[in-house]
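Hello,

Here is the structure I promised to hand over. Please have a look at it first; my notes follow below.

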Amino acid sequence: MLQVPFIRDNKELVIERLAKRNIDATQMINDVILFDEERRALQAELDNTLAESNKLSKEIGALYKSGEAEKATILKAKTTDLKTLTETLKEQLSTKAEDLNQLLYKIPNVPNAIVPTGNTDEDNEETFREGDVPVLHDGALPHWELAKKYDIIDFELGTKITGAGFPVYKGKGARLQRALIAYFLDKNTEAGYKEVQVPHLVNEASAFGTGQLPDKDGQMYHATNVQPDLFLIPTGEVPATNIFRGDLLDEKQLPQALTTYTPCFRVEAGSYGAHVRGLNRLHQFDKVEILRVEHPTQSYKALDGMVEHVKGILRELKLPYRILRLCGGDLGFTSALTYDFELFSTAQDRWLEISSVSNFETFQANRLRLRFKNSEGKNELAHTLNGSSLALPRVLAGILENCQTEDGIVIPDVLVPYTGFKIID
């Protein structure tokens with residue numbers, strides 16, 4: 001959530017940057033400033049009323065002590081009127097503050113200056129590419145056919161048990177999935193990220209804190225048979241970042257770096273075609289996440305470090321990939337700058353998104369009330385960042401498709417100590 005003082009002091013900048021998202025925010029920003037002025041006017045009137053009431057209370061006490069009860073009685077009638085006015089002002093102030101917050105909830109984060117203007121993913125900027133696209137043998141198959149051929153992932157069985165988008169991993173497929181999780185976690189902990197295991201359901205305050213509510217309410221599964229409602233997590237970012245909700249850290253405690261493995265649950269819009277077949281789009285999938293809480297002066301250096309970290313993992317897997325800087329129209333609601341990693345699937349002849357690495361600046365921290373005490377002893381909002389390191393379904397799909405041979409699927413060398421086998425045949 002944007003801070004009102006920032007909007008007030010940078011009105012034109014905010015409007016200009018939000019235009020990168022193809023949003024004409026002029027009216028919303030003007031309303032924020034107007035609501036804030038009205039809220040501050042009500043607060044000032046309330047403060048003056050309370051001050052006058054306190055002053056009269058002291059005068060009444062003094063009058064009673066001096067035996068001037070009649071004058072005291074007259075002033076008491078006035079304090080009654082002031083109490084009524086105080087309650088009215090408190091109600092008006094609460095309503096105005098809520099109106100202001102409801103408006104702020106609808107405004108996305110301000111894109112960084114280097115975010116390109118654009119409408120769709122076709123306008124994203126490629127910033128890096130690495131790895132050789134393998135030349136596959138004749139008759140190479142997409143991963144959903146490989147999964148059936150080698151009996152390692154059963155999509156039909158998952159549909160029987162739950163529904164479409166809930167696959168069952170079997171045999172060497174399950175072991176490869178587990179190997180990837182362990183490998184990703186090991187790489188992250190070696191890089192200084194502290195591993196945590198977090199709940200897979202969160203409350204409304206947690207979903208609001210990281211920006212899933214109200215923006216992505218329709219994309220989350222709700223557990224409504226408990227009170228209050230709980231939500232199945234769409235990503236490990238939500239519970240892991242909420243570890244710090246409401247915290248006041250010391251500057252010396254920064255940065256904080258965590259990694260977590262979780263299943264993720266998302267209600268995806270229905271669509272058809274090869275681009276959503278197999279592991280390309282699921283309702284339940286596994287993901288290893290990294291996140292950081294940073295000093296504002298260090299967060300973009302940290303973002304670059306996260307990008308380099310994910311690059312290192314993909315180099316070890318020897319998979320061809322590219323990095324995209326997302327345009328304003330494709331940028332997530334809470335993000336100021338996002339880099340997407342895409343893996344090239346030779347069998348599908350298309351790029352598959354496997355990671356997003358983002359800096360949210362103070363947007364999440366403001367919702368979370370995540371602050372630190374700076375060197376001057378003042379409380380300041382921290383910056384939060386997160387990234388997939390990595391999302392498993394499309395990485396697994398890429399390994400199956402790009403590493404297939406006529407004799408079977410050759411496991412990347414770095415994973416063999418985790419799988420215990422070198423080939424799926």
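Gln404 sits opposite Ile409, a residue of β18. This is a predicted model. Two bridges join β17 to strand β18 (residues 408-410), and the pairing is antiparallel. Both strands belong to an open sheet of three, in the order β17-β18-β19, with antiparallel pairing. The edges are β17 (404-405) and β19 (423-424). Each has a single partner strand, so one side of each has no neighbour in the sheet.

Now the aromatic rings. The structure has seven aromatic pairs. One of them joins Tyr105 and Phe208: the ring centres are 4.9 Å apart and the planes meet at 75°, so the pair is edge-to-face. An angle over 60 degrees is what that label needs. This pair links distant parts of the chain. Tyr105 is in helix α4 (residues 69-105), Phe208 is in helix α8 (residues 204-209), and 103 residues separate the two. Tyr105 has 18% relative accessibility, so Tyr105 counts as buried. The cut-off for buried is under 20%.

Phe344 and Trp351 also make an edge-to-face pair, with 5.0 Å from centre to centre and 70° between the planes. Phe344 counts as buried too, at 12% relative accessibility. Elsewhere, ring pairs tie Phe128, Tyr321 and Phe341 into a cluster.

Last, charges over rings. Arg367 lies over the face of Phe208, 4.5 Å from the ring centre. Phe208 is also the ring paired with Tyr105. Lys96 lies over the face of Phe35, at 4.8 Å from the ring centre.

Best wishes

Notes. Residues are numbered from 1 along each chain as its sequence is written. This is a predicted model: local features need pLDDT of at least 70, side-chain atom pairs count only at pLDDT 80 or more; totals for chains, interfaces and linings use all residues. Side-chain values use heavy atoms; hydrogens and water are left out. Rings of Phe, Tyr and Trp (its six-membered ring) pair if their centres lie within 6.5 Å; planes under 30 degrees apart count as stacked, over 60 as edge-to-face and the rest as tilted. Helices (H or I, at least four residues) and strands (E, at least two) are DSSP runs, numbered from the N terminus. Buried means under 20% relative accessible area, exposed over 50%, partly exposed in between (1.4 Å probe, protein chains only). A charge sits over a ring if NZ of Lys or CZ of Arg is within 6 Å of the ring centre and within 35 degrees of the ring normal. Two strands pair if DSSP finds at least two bridges between them.
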